[in-house]
Amino acid sequence: MSKSNGSQRIPRAKGIDMATVYSPKECGKKARHLILPDFNQRIVDEFIAILGMREEFEEHHVPIPNKIVMYGPPGTGKTLTAFYMANLLELPLVLARLDAIIHSHLGETGSNIRKIFDYADTFPCVLFLDEFDAIARTRDSNDEVKEMARAVNTLLQCLDDFGDKSIMMAATNLEKELDQAIWRRFDTKMTYSLPDFGRRQHYIEILLGDFRCEASALTEACDLLEGCSFADMEQIVLKAKRKAIIERQPLLRGYLKDAYDEYKPDVAKI
Ligand SMILES: Nc1ncnc2c1ncn2[C@@H]1O[C@H](COP(=O)(O)OP(=O)(O)O)[C@@H](O)[C@H]1O
Ligand SMILES: [Mg+2]
């Protein structure tokens, strides 16, 4: 396991390099500008409130939620939300990409999954499994079906055994492909979508900061970037800023348009 700086109280795991650990502070830095729709913000707030009331929930024999699945298009803030939660909960984040632990050797994938869960079980943390559909897919028709079915079984067991001192989060772009049995294991589901006009405006304002801009550049950008993810918007605005800096100009509308054309976001315009 690779371990990042500033996370001294986290035990090291030997012999595997499949997960990265981030301290709560590092997580806070990464998630500084997360923009969530109101319904997701409410889910996060309620989740945090419940975790702060453990005794009351135990008294009423109501289980504490601790498994979140996030789904929606790429670049809309799923990974960022995992960092945000870890920071709010003041827990380290253990991040593993499931697509990176698939192994062609018999049983290796399942054993990799178990290693990650065993490691995360040694200290309270947010265990975040990114690219979750890589393993938790409904059985598809390739040669690795049996190996995957075994891996899904292991994943189910690991989810059932997961202790309540930690939080488990998973992200996928392809919720329709998730195995139903896995899907049911999650007590909290968060859906992500492309930003609406208001959220585009908010995010572009953050991206522009105090950069000198042509008067109508912000509104122009909000319209132009319709259908883009947050990640696309970030790349396009940065490109436009670079053009402005090279030309020693304020951010002109034309730079945004050029940046958009060069970046070619994958946008289905209506
Ligand atoms: N909701 C959001 N609010 C602010 N920035 C975002 C948001 N979604 C994505 N971004 C930007 O795009 C980058 C990639 O986002 P990420 O969380 O990895 O998306 P996902 O996991 O949904 O594919 C982030 O590092 C951030 O710069
Ligand atoms: Mg992601």
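**View 1. Ligand 1 and the two domains.** In this predicted model, ligand 1 lies between domain 1 (2–191) and domain 2 (197–263), because both of them give residues to the shell around the ligand. The space that ligand 1 takes up is the largest pocket. Two elements, α4 (78–89) and α11 (230–246), each give two or more residues to the shell around ligand 1.

**View 2. The shell around ligand 1.** Here you can look over the 15 residues around the ligand, of which Ile35, Gly75, Lys78, Thr79 and Glu234 come nearest. By residue type, the shell holds eight nonpolar, five polar and two charged residues.

**View 3. Polar contacts of ligand 1.** Start with Glu234, where an N or O atom of the side chain is 2.7 Å from an oxygen atom of ligand 1. At Ile35, a polar backbone atom sits 2.8 Å from a nitrogen atom of the ligand. Tyr203 brings in a polar side-chain atom, 3.4 Å from a nitrogen atom of ligand 1. Ligand 1 would expose 550 Å² if taken alone, and the protein buries 81% of that area.

Key. Residues numbered from 1 in each chain as written. Chains lettered and ligands numbered in written order. Predicted model: local features only at pLDDT ≥ 70, side-chain atom pairs only at ≥ 80, totals over all residues. Heavy atoms only, no water. Near = heavy atom within 4 Å. Polar contact = N/O pair within 3.5 Å; in protein donor to acceptor, adjacent residues only side chain to side chain. Areas by Shrake-Rupley, 256 points an atom, 1.4 Å probe, with all protein chains shown as cover. 1 Å grid on protein atoms, 1.4 Å probe; cavity = no way out; pocket = protein on both sides within 12 Å on 5 of 7 lines; lining within 4 Å. Sits in = over half its atoms within 2 Å of the grid points. Helix = DSSP H or I, 4+ residues; strand = E, 2+ residues; numbered from the N terminus. Nonpolar A, V, L, I, M, F, W, Y, C, P; charged D, E, K, R; others polar. Domains from an automatic or database assignment.
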